[in-house]
Structures are given as structure tokens and as C-alpha cells.
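Me: I'd like to learn how to read a model like this one, feature by feature. Can you walk me through it?

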Amino acid sequence: MFQNQLNDQYATAQAKAIETAKHLAQVAIESAQELAEINQAAAKDALVVAQDASTQLMAVKDPKELSKLAQPEAAQEVAKYAAAYQAKVNKVLRNGNKEVAQVVDASIDDARADLLKFVKEATKSAPAGSEAFVSAFKTAFEASIQQFDQVRATATDAFANFEKSVDAALENIQGQYAVTKPAAKTARKSV
């Protein structure tokens with residue numbers, strides 16, 4: 001009978017693991033699809049900008065006109081566009097990370113509850129005279145159940161570190177594309 005309970009618990013755990021894996025795969029697919037759509041839109045926009053710049057360059061007949069095309073405002077527009085692109089990518093990454101964190105957290109809760117239920121059922125039907133063994137087993141089990149909290153803390157830290165890494169990478173990229181505004185001219189007063 002104990003073997004049947006063990007087999008049922010194992011089958012249930014496997015089914016939950018498969019469902020969790022399917023859900024995580026779906027999250028990954030949706031995130032990849034969103035990123036692909038963002039990249040496709042960015043590529044289309046870049047092509048339009050490149051065609052426009054090419055048309056403007058082809059129309060240049062005087063070197064002075066060429067210098068007008070290379071104004072800081074154009075670089076600032078590129079920087080704004082890059083920042084908007086990064087914000088969209090960041091949003092997708094954060095949403096995917098949040099979803100994965102929720103799935104991991106729920107999986108930890110489910111696994112812990114299933115294990116508690118299993119131990120309760122297994123020790124309830126322990127044969128007479130095994131009280132000392134059951135007591136020692138429960139003590140060891142309660143100590144090991146604390147590992148679930150440690151796994152949860154480690155997972156939470158990993159997800160937080162991932163977000164910090166994404167933020168740092170985006171700040172680094174934004175720093176590379178930052179355009180400084182020209183210094184304001186100050187008028188000197190004559191005394």
C-alpha cells in the first residue's frame with residue numbers, strides 16, 4: 001500500500017513538473033515573440049531613417065548643406081529612439097522575469113505542500129514500535145523542509161540580480177549614446 005502511495009505521489013509530482021515546464025516554455029515563447037516584434041519594428045524604422053538620410057545626402061549639392069545634416073539634434077533623436085527601444089526591451093524582460101519568478105515561487109509552495117502531505121500520510125500508517133524512528137524522521141524532515149525557504153530566497157536573489165544586470169546594461173548603453181547638449185551662450189555685460 002505504501003508503494004502505491006509513493007507511486008501516486010511521484011506521478012502527481014511529474015505531472016505538475018510537466019505543467020510547470022509547459023508554462024515556462026510558453027512564457028519564453030511569448031517573450032521571444034514580443035522581442036522579435038520589437039526588433040522587427042526597430043529594423044523597419046531604421047530602414048526608413050536610412051532611406052531618408054540617403055535621400056538627403058543624394059540631394060546635397062553644396063558642402064555647407066552637408067554640415068547642416070550633421071547637427072546635434074539628429075544625434076539626440078537617435079539617442080531618444082535608442083532609449084525608447086531599450087525601454088520596450090526592458091519591459092519585456094521584466095515581465096518575463098516576473099512571470100518566471102511567480103511560477104518558481106508557486107512550484108516551491110506546491111512541492112513543499114506535497115512533501116508535507118506525503119510525510120504525514122507515510123508516518124500516520126507507520127507500524128507499532130516505530131515511534132522513535134518516526135520521531136527522528138520527522139525531526140530530520142522538518143530541518144530539510146527549511147531548505148525550501150532557502151531555495152525561495154536564492155531564486156528571489158537570482159531574479160533581482162538579473163533585473164539589476166539588465167538595468168546596468170541599459171544604463172551602460174544609454175551612456176554610450178548620450179548626447180550632450182551644447183553649452184548655453186552667456187552674454188557678457190560690459191561694465
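Me: Before that, what ground rules apply to the model and its numbering?

Reply: It's a predicted model, where local features need pLDDT of at least 70, side-chain atom pairs count only at pLDDT 80 or more, and totals for chains, interfaces and linings use all residues. Residues are numbered from 1 along each chain as its sequence is written, and side-chain values use heavy atoms, with hydrogens and water left out.

Me: What does the chain average in pLDDT, and where is confidence lowest and highest?

Reply: pLDDT is the predictor's confidence in each residue, from 0 to 100. Here the chain averages 79, and 85% of the residues score at least 70. Helix H1 has the highest confidence, at 85, while helix H2 (residues 63–69) has the lowest, at a mean of 71. Take care with residues 179–191: pLDDT stays under 50 there, and the model has six contacts beyond four places in sequence for that stretch. A contact means heavy atoms within 4.5 Å.

Me: How many helices and strands are there in the chain?

Reply: Helices (H or I, at least four residues) and strands (E, at least two) are DSSP runs, numbered from the N terminus. This chain has four helices and zero strands, so along the sequence the pattern reads α-α-α-α. As for contacts with a separation of 6 or more, 86% are between residues 24 or more positions apart.

Me: How much of the chain is buried?

Reply: Buried means under 20% relative accessible area, exposed means over 50%, and partly exposed is in between (1.4 Å probe, protein chains only). Of the 191 residues in the chain, 14% are buried.

Me: Is Ser31 buried or exposed?

Reply: Ser31 is buried, at a relative accessible area of 17%. You'll find Ser31 in helix H1 (residues 2–59). Skip its neighbours within four places in sequence, and Ser31 is in contact with Val92 and Gly96.

Me: And which residues is Asn97 in contact with, leaving aside its neighbours within four places in sequence?

Reply: Those are Phe159, Phe162 and Glu163. Asn97 itself belongs to helix H3 (residues 72–124) and is buried, with a relative accessible area of 7%.

Me: Now the rings. How many aromatic pairs does a search of the whole structure find?

Reply: A pair of aromatic rings is described by the distance of the centres and the angle of the planes. Rings of Phe, Tyr and Trp (its six-membered ring) pair if their centres lie within 6.5 Å; planes under 30 degrees apart count as stacked, over 60 as edge-to-face and the rest as tilted. The search finds two pairs. Phe133 and Phe137 are stacked, 6.4 Å centre to centre with 20° between the planes. These two residues are four apart in helix H4 (residues 131–177), which means about one helical turn separates them. Phe137 and Phe141 are stacked too, at 6.4 Å and 15°, and they also sit about one helical turn apart in H4.

Me: Phe133, Phe137 and Phe141: which of them count as exposed, partly exposed or buried?

Reply: Phe133 counts as exposed at 61% relative accessibility, Phe137 as partly exposed at 35%, and Phe141 as buried at 10%. Ring pairs link these three into a cluster.

Me: Last topic: how many salt bridges does a search of the whole structure find?

Reply: Side chains of opposite charge can pair when their charged atoms come close. A salt bridge is a side-chain nitrogen of Lys or Arg within 4 Å of a carboxyl oxygen of Asp or Glu. The search finds seven. Among them is Arg94 with Asp167, where the closest N and O atoms are 2.5 Å apart. Arg94 lies in helix H3 and Asp167 in helix H4, so this pair ties together parts 73 residues apart in sequence. Arg94 is partly exposed at 27% relative accessibility, and Asp167 is partly exposed at 25%. Arg94, Glu163 and Asp167 are linked in a network of salt bridges.

Me: What about Arg152 and Asp105?

Reply: Their side chains meet in a salt bridge at 2.2 Å, N to O. Arg152 is in helix H4 and Asp105 in helix H3, so the pair ties together parts 47 residues apart in sequence. Arg152 also meets Asp109 in a salt bridge, at 2.5 Å.
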